[in-house]
Amino acid sequence: MKKGIKAAIILLSAAVMIGIAFFTGTLVENERLNSINYAEYALKKMNLPKQYAPAFCLHGYTGFRDSFLMTTFQIQYSIDREDLLERMTNTEGWIVSPVTEAELRGFSKCFWYPDLLTIPDNTVFDAWFYRETSQPILGAETAKDCFSSIGKIGRGFEFAVFDLETGIIVFVDQFG
């Protein structure tokens, strides 16, 4: 009889452990599905409506005091792309003007991780965004080419480019 009780306790313990593991997995998965949409976050930071945010984006973040965040995503439908470009013409911080891949690479040297910017050589973006979040430090680099209106580059800034043809938006939040 003692063997039967011992076996029942072991089976009950195993069932409880399996139940706990199942419900823990369910809670973790539900939390992942409800986590932040980084494309929505980027659009909000750029003063654009979050309705255009896709469910999928590429996102990276260094979570230190001086941090660097990069989010890349694609606006899928051409009608949404055209609407976004129209909104950019009337949105603070956006400049609707061509940006070549070479100009963007030159500016990306101001990023903490410029090598993370992977774009094809022949890309020409249609608009760019810049907002300074920390003042330039002594000896700060001055923006060149199409970005010359920025002047001295801030120690911290939010920056983005948008390509109408592909719908790609690259958003950088550099906190310095």
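Good morning. The structure before you is a predicted model. I shall begin with the sheet. Six strands form an open sheet in the order S1-S2-S8-S7-S6-S3, and their pairing is antiparallel. At its edges lie strand S1, residues 58-62, and strand S3, residues 94-95, each of which pairs on one side only.

Let us now turn to one pair of strands. Strand S6 covers residues 127-134 and strand S7 covers residues 156-162; the two run antiparallel and are joined by seven bridges. Within this pairing, Trp128 stands opposite Val161 in S7. Helix H3, residues 78-89, packs on the sheet, where it touches strand S2 (68-74), S3, S6, S7 and strand S8 (168-174). The direction of helix H3 makes about 135 degrees with that of S7.

Is Glu158 buried or exposed? Its relative accessible area is 3%. Residues under 20% are classed as buried, and therefore Glu158 is buried.

Which side chains make polar contacts with that of Glu158? One is the side chain of Lys45, at 2.8 Å. Another is the side chain of Arg131, at 2.5 Å. Leaving aside residues up to four places away in sequence, Glu158 touches Lys45, Phe129, Tyr130, Arg131, Thr133, Phe171, Val172 and Asp173. Thank you for your attention.

Definitions and conventions. Residues are numbered from 1 along each chain as its sequence is written. This is a predicted model: local features need pLDDT of at least 70, side-chain atom pairs count only at pLDDT 80 or more; totals for chains, interfaces and linings use all residues. Side-chain values use heavy atoms; hydrogens and water are left out. Two strands pair if DSSP finds at least two bridges between them. Helices (H or I, at least four residues) and strands (E, at least two) are DSSP runs, numbered from the N terminus. Contact means heavy atoms within 4.5 Å. Axes are lines fitted to C-alpha atoms, for helices over the stretch in contact, and angles run from 0 to 180 degrees between N-to-C directions. Buried means under 20% relative accessible area, exposed over 50%, partly exposed in between (1.4 Å probe, protein chains only). A polar contact is a pair of N or O atoms within 3.5 Å; within protein, one must be able to donate a hydrogen and the other to accept it, and residues adjacent in sequence count only if both atoms are side-chain atoms.
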